[in-house]
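Q: Got a structure to go through with you. Have a look, then I'll start asking.

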Amino acid sequence: MIERIVLFGASGDLTSRLVMPAVAQLAEAELLPANLTIVGSANTDWSAEQFREHIAEGLDAHSTATPAAKDAVVRMLGYEPADVTRAEDVCRVLGDGRPDTLVYLALPPGLLRGVLTALAAAKLRRSDAVAVEKPFGTDLESARELNDLLRVQLPEPTIFRVDHFLSNELVRRILVLRFLNRVFEPTWNAVHVERVDISWLESLTLEGRAGYYDGAGAMKDMVQNHLMEVMALVLMEQPARIDPHSFRGARVEALRAVATPSPETLCRDSVRARYTAGTIGTRQVPSYVDEPGVDPTRNTETYASLILGVNNPRWAGVPFTLRSGKALAADSAEIAIHYRAMPEYLLDRWPGVEPNVLRLGLTEPYVRLSANLNGPDDRAAHQELELWEPASGRTPYANLLLGMLHNDPTLFIRGDEAEEAWRIVDPVMKAWSAHAVPMQEYAAGTEPPGPSAPDGRPGHPRS
């Protein structure tokens, strides 16, 4: 079991806002290894005491753990300033004769290549591990290059490619519902399902993230990684065994079945748009291009939608729509499985019958099924049945960190899985860069647009 964590990029927001609160939650639950030590490292010239004060402030702001758990975490901390791209600095921080170590790279993507080369000099062992935050590359070519670099430079340690969407609660919500309920799995296919929508819609705007978001946009920020992994959970077959290798293999096979988008159909099957000035509740929101830190010439989208097809017998002919956007009227994050309509003779006999829809929350732990029940005057009454899971015991990062400490890669992205996600999105980004799909607009607080017709005029989503 891991006995030491080295956090490169320890002065950044990710460390104080997500990673260290996860450590505190595990400390409170007494799930950390005995005598765990954590060494922070960054190019900030801090002393160990200054780093402890910085983390303590972050825990007070972002952690709900008890004061005793927070204090215990702060006492675990040490600090070593370093340039993470210099092999001698990285080797000095890691040290000789070290215990089994998790090297957590809480770093901007642009530093990843340099730090991996520097890490190679440290000669990490099979009992060590390296955590790499997404985004993993910027396109298919760069993802392949990073995977090749990891294979050559770091062949021994376990590589954890982190996507916090693959939290333990979300994975179990989907898979337990499917595979432990006979009522759902037999209908989880193209015979019964008309379409699947996976949405992550936010009323939030940039909230100070222009430095990252304006260079990524909605497609790369959400669709390419997070929503693609959610789709894989819906698509995948039941693993042959309940172990990390089988589970991750089933996810990869699911993504391999997704058809590569055709440049000829992307105007119909994809949308890119950005918000203009508007009102969200009582908030007056400026246009995206007027937000601080935004470069209008980048043509960054704040809303992205992509319809994908699947080439396997279970899902052939069922469109999967992945969409994400900011500055919308309300928050909504869910999987919606739309079942096919009942035969016409039943609709004539029972007015009011509507297709069933199964909804699974991505952030809220609900399962909702719209069903047709007996109504007045020989009509059907369409009502929604709702189930809520018990409140989550741990944050996604706490679950992920626990998996790393136990060297369990179940909830993490495999290298070929990352490449498959880029294989699907690369043609979309190329078409958008070539302006083959026009940039549309929506006022903040309003509905985003649908796909455009081939002549560039607004169209409608495919049914």
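Q: What's the class make-up of the lining of the largest cavity?
A: It has 3 nonpolar, 3 polar and 3 charged residues. Here Ala, Val, Leu, Ile, Met, Phe, Trp, Tyr, Cys and Pro count as nonpolar, Asp, Glu, Lys and Arg as charged, and the others, Gly among them, as polar. Bear in mind that this is a predicted model: local features need pLDDT of at least 70 and side-chain atom pairs pLDDT 80 or more, while totals for chains, interfaces and linings use all residues. Residues are numbered from 1 along each chain as its sequence is written, and side-chain values use heavy atoms, with hydrogens and water left out.

Q: Which residues line the largest cavity?
A: E202, Y213, A218, D221, M222, T302, S324, G325 and K326. A lining residue has an atom within 4 Å of a cavity point, a cavity being a set of points on a 1 Å grid over the protein atoms alone where a 1.4 Å probe fits but cannot get out.

Q: What volume does the largest cavity have?
A: About 40 Å³, counted as the space filled by probe spheres set on grid points joined across faces, edges and corners. The structure holds 1 cavity of 30 Å³ or more.

Q: Which element gives the most to that lining?
A: Helix 8, with 4 residues. Strand 12 (320-325) also supplies at least two, as does helix 8 (210-235). Helices (H or I, at least four residues) and strands (E, at least two) are DSSP runs, numbered from the N terminus.

Q: Switching to cysteines: how many disulfides does the structure hold?
A: 0, with a disulfide taken as two cysteine sulfur atoms within 2.5 Å.

Q: And is C267 buried or exposed?
A: C267 is buried, at 15% relative accessibility. C91 comes out partly exposed, at 27%. The cut-offs are under 20% relative accessible area for buried, over 50% for exposed and partly exposed in between (1.4 Å probe, protein chains only).

Q: Zooming out, what's in the chain overall?
A: 13 helices and 17 strands. The radius of gyration is 24 Å, close to the 23 Å that the globule rule gives for 463 residues, so the chain is as compact as a globular protein of that length. That's over C-alpha atoms, and the rule is 2.2 Å times the number of residues to the power 0.38. The C-alpha trace spans about 75 × 50 × 45 Å along its principal axes, and 55% of the 463 residues are buried.

Q: What about helix 12, is it enclosed or open?
A: Largely enclosed by the rest of the structure, because 9 of its 10 residues are buried. Those buried residues pack against strand 1 (4-8), helix 1 (13-28), strand 4, strand 5 (129-133), strand 6 (158-162) and helix 7 (168-179).

Q: What does L401 touch there?
A: Leaving out residues up to four places away in sequence, L401 touches I5, V19, A22, V23, L26 and L102, where contact means heavy atoms within 4.5 Å. L401 lies in helix 12 (residues 396-405) and is buried, with a relative accessible area of 3%. L401 and L26 sit 375 residues apart in sequence but 8.8 Å apart in space, C-alpha to C-alpha.

Q: Last one: where is R98 found?
A: In the loop between helix 4 (87-94) and strand 4 (101-105). R98 counts as buried, at 11% relative accessibility. Beyond its neighbours within four places in sequence, R98 is in contact with R4, A122, K123, L124, R125 and D128.

Conventions
1 Å grid on protein atoms, 1.4 Å probe; cavity = no way out; pocket = protein on both sides within 12 Å on 5 of 7 lines; lining within 4 Å.
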